[in-house]
Amino acid sequence: MSKRTKPDPPADPAAAARRLGRRPYEPTAENRKMVQAMVSYGIRQEEIATALGISTVTLRKHFRRELDVGETLANAAVANALFKAATGGGPQKVTAQIFWLKTRAKWKEPPREVSGPNGAPITTATIDLKRLSDEQLKALEAIFGDLAGGSGGHDGGAPGGEGEAGA
């Protein structure tokens, strides 16, 4: 039996690396910042991996922390900006306060009544515009514009197609 010996190292290290296969992926600090930013913007993992030129498996293996905390850190930054807007000055203060109270303090808009007084049906009336004087028509037109049925190319029918019966 012959004794096996260790082969001599190759003269060309690059050739040896090619024979051994791919080098393991090594993320850089810049890659980590980029992944965390893309996660915070809501970009899908498949798209992030494609942008880095790696597989999603490699992305999850080497960027687990960035994938786990990116969205949370972005939400914290937005919440901080909202808090500053709500507690500071400026025109956005009231809007930020309302949003904060609705989402964080569970405030709600009061229910709006979509019925008449005391829950009764909403009363409606049909007005025969042909019985109104020119002065009354002009007053309605000033309030409602073309909906009032005044002159100016109107076909004479009421808005919504409700004309007079038998006209």
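**Notes on the model**

1. Asparagine 31 sits in helix α2; helices here are DSSP runs of H or I with at least four residues, strands are runs of E with at least two, and both are numbered from the N terminus. This is a predicted model, in which local features need pLDDT of at least 70 and side-chain atom pairs count only at pLDDT 80 or more, while totals for chains, interfaces and linings use all residues. Residues are numbered from 1 along each chain as its sequence is written, and side-chain values use heavy atoms, with hydrogens and water left out.

2. Asparagine 31 has a relative accessibility of 16% and therefore counts as buried (buried is under 20% relative accessible area, exposed over 50%, partly exposed in between, with a 1.4 Å probe and protein chains only). Residues up to four places away in sequence aside, asparagine 31 touches Tyr25, Leu52 and Phe63, where contact means heavy atoms within 4.5 Å.

3. Helix α2 covers residues 29-40, and its end C-alpha atoms are 17 Å apart; the twelve residues should span 16 Å at 1.5 Å a residue, so the two values agree. The expected span is 1.5 Å times one less than the number of residues. Asn31, Val35, Met38 and Val39 are the buried residues in α2. Viewed down the helix axis, the buried residues of α2 fall within an arc of 100°, so they line one face; the arc is taken from the directions from the helix axis to the C-beta atoms. An α-helix has 3.6 residues a turn, so residues three or four places apart point the same way.

4. Ala29, Glu30 and Lys33 are exposed on the other side of α2. The cover over the buried residues of α2 includes α3 (45-52), α4 (56-62) and α5 (64-87). Just after α2, glycine 42 has a positive phi of about 90°.

5. Two aromatic pairs turn up in a search of the whole structure. For tyrosine 25 and phenylalanine 63, the ring centres are 6.1 Å apart and the planes stand at 55°, so this pair is tilted. Rings of Phe, Tyr and Trp (its six-membered ring) pair if their centres lie within 6.5 Å; planes under 30 degrees apart count as stacked, over 60 as edge-to-face and the rest as tilted.

6. The pair joins distant parts of the chain, 38 residues apart: tyrosine 25 lies in the loop between α1 (13-20) and α2, phenylalanine 63 in the loop between α4 and α5.

7. Helix α5 has 24 residues and reaches 35 Å from its first C-alpha to its last, close to the expected 34 Å. At glycine 70, α5 bends by about 40°; the bend is the angle between axes fitted to the seven residues ending there and the seven starting there. Glu66, Leu67, Gly70, Ala74, Leu82, Ala85 and Ala86 are the buried residues of α5, and they pack against α2, α3, α4 and α6 (93-103).

8. Leucine 67, in helix α5, is buried at 11% relative accessible area. Its C-alpha atom is separated by 6.3 Å from that of valine 39, 28 residues apart along the chain. Apart from neighbours within four places in sequence, leucine 67 is in contact with Val35, Val39, Gln45, Leu59 and Arg60.

9. Two backbone angles deserve a look. Most residues other than glycine have a negative phi. Lysine 106, which is not a glycine, has a positive phi of about 60°, and asparagine 118, also not a glycine, has one of about 55°. Lysine 106 is in the loop between α6 and α7 (134-144), and asparagine 118 is found in the loop between α6 and α7 as well. Lysine 106 is exposed at 62% relative accessibility; asparagine 118 is exposed at 84% relative accessible area.

10. For the chain as a whole, there are seven helices and zero strands. Of its 167 residues, 15% count as buried. Among contacts between residues at least 6 apart in sequence, 36% join residues at least 24 apart.
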